[in-house]
Amino acid sequence: MKPLHVSEDILPIADFKARASEVVRRLREHRRPVVITQSGKPAAVLLSPEEFDRLTHRARFLEAVGEGLADAEAGRVVSDEALGRMLDDEFGKHEP
């Protein structure tokens, strides 16, 4: 995600309402988030669908890595050989 440009990417909600189509089009062109304010305070952040997908994919990946590290630290691991046996039992012996 590109960095926020304060002068361009922070809009009062009234401005957003008046220029919604333009703002949404700009999301993809500039690849920056847009912060919508209400009563002078941040109320929402708009992202392109592609940027949202990228962020959620990254979050899921980092969560999975964290779970794996926690499992390893807690000793919830199996050896390569044991994993091979479990897979053979489940799916049949692999023949190269």
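Tutor: Let's start with a term: a salt bridge is a side-chain nitrogen of Lys or Arg within 4 Å of a carboxyl oxygen of Asp or Glu. Keep in mind that this is a predicted model.

Student: What makes the link between Glu51 and Arg54 a salt bridge?

Tutor: Their side chains come to 2.6 Å, N to O. The cut-off is 4 Å, so the pair of Glu51 and Arg54 qualifies at 2.6 Å. Both residues belong to helix H4, 3 residues apart, or about one turn of the helix.

Student: Are Glu51 and Arg54 buried, partly exposed or exposed, and how do you know?

Tutor: Buried means under 20% relative accessible area, exposed over 50%, and partly exposed in between. Glu51 has 11% relative accessibility, so it counts as buried. Arg54, at 38%, counts as partly exposed.

Student: How many salt bridges does the structure hold?

Tutor: There are 6 salt bridges. One of them joins Glu50 to Arg28, with the closest N and O atoms 3.2 Å apart. Glu50 lies in helix H4 (residues 49–73) and Arg28 in helix H3, so this pair ties together parts that are 22 residues apart in sequence. Glu50 is partly exposed, at 45% relative accessibility.

Student: Which residues make up the largest nonpolar core?

Tutor: That core has 6 residues: Leu11, Phe16, Val23, Leu27, Val34 and Ile36. Helix H3 (20–30) and strand S2 (34–38) are the elements that give two or more residues to this core. Phe16 also has contacts beyond its neighbours within four places in sequence, with Val23, Ile36 and Leu46. As background, nonpolar side chains in soluble globular proteins tend to be buried together.

Student: How do you know that S2 and S3 pair?

Tutor: Pairing takes at least two bridges, and 5 bridges join S2 to S3, so the two strands pair. They run antiparallel, and Val35 stands opposite Val45 in S3. Their hairpin has 2 residues between the strands, and Ser39 takes a positive phi near 55° in it.

Student: Why does strand S3 lie largely in the open?

Tutor: Strand S3 (residues 41–46) has 6 residues, and the number buried is 0, so the strand lies largely in the open.

Key
Residues are numbered from 1 along each chain as its sequence is written. This is a predicted model: local features need pLDDT of at least 70, side-chain atom pairs count only at pLDDT 80 or more; totals for chains, interfaces and linings use all residues. Side-chain values use heavy atoms; hydrogens and water are left out. A nonpolar core is a set of buried Ala, Val, Leu, Ile, Met, Phe, Trp, Tyr and Cys residues joined through side-chain atoms within 4.5 Å. Buried means under 20% relative accessible area, exposed over 50%, partly exposed in between (1.4 Å probe, protein chains only). Helices (H or I, at least four residues) and strands (E, at least two) are DSSP runs, numbered from the N terminus. Contact means heavy atoms within 4.5 Å.
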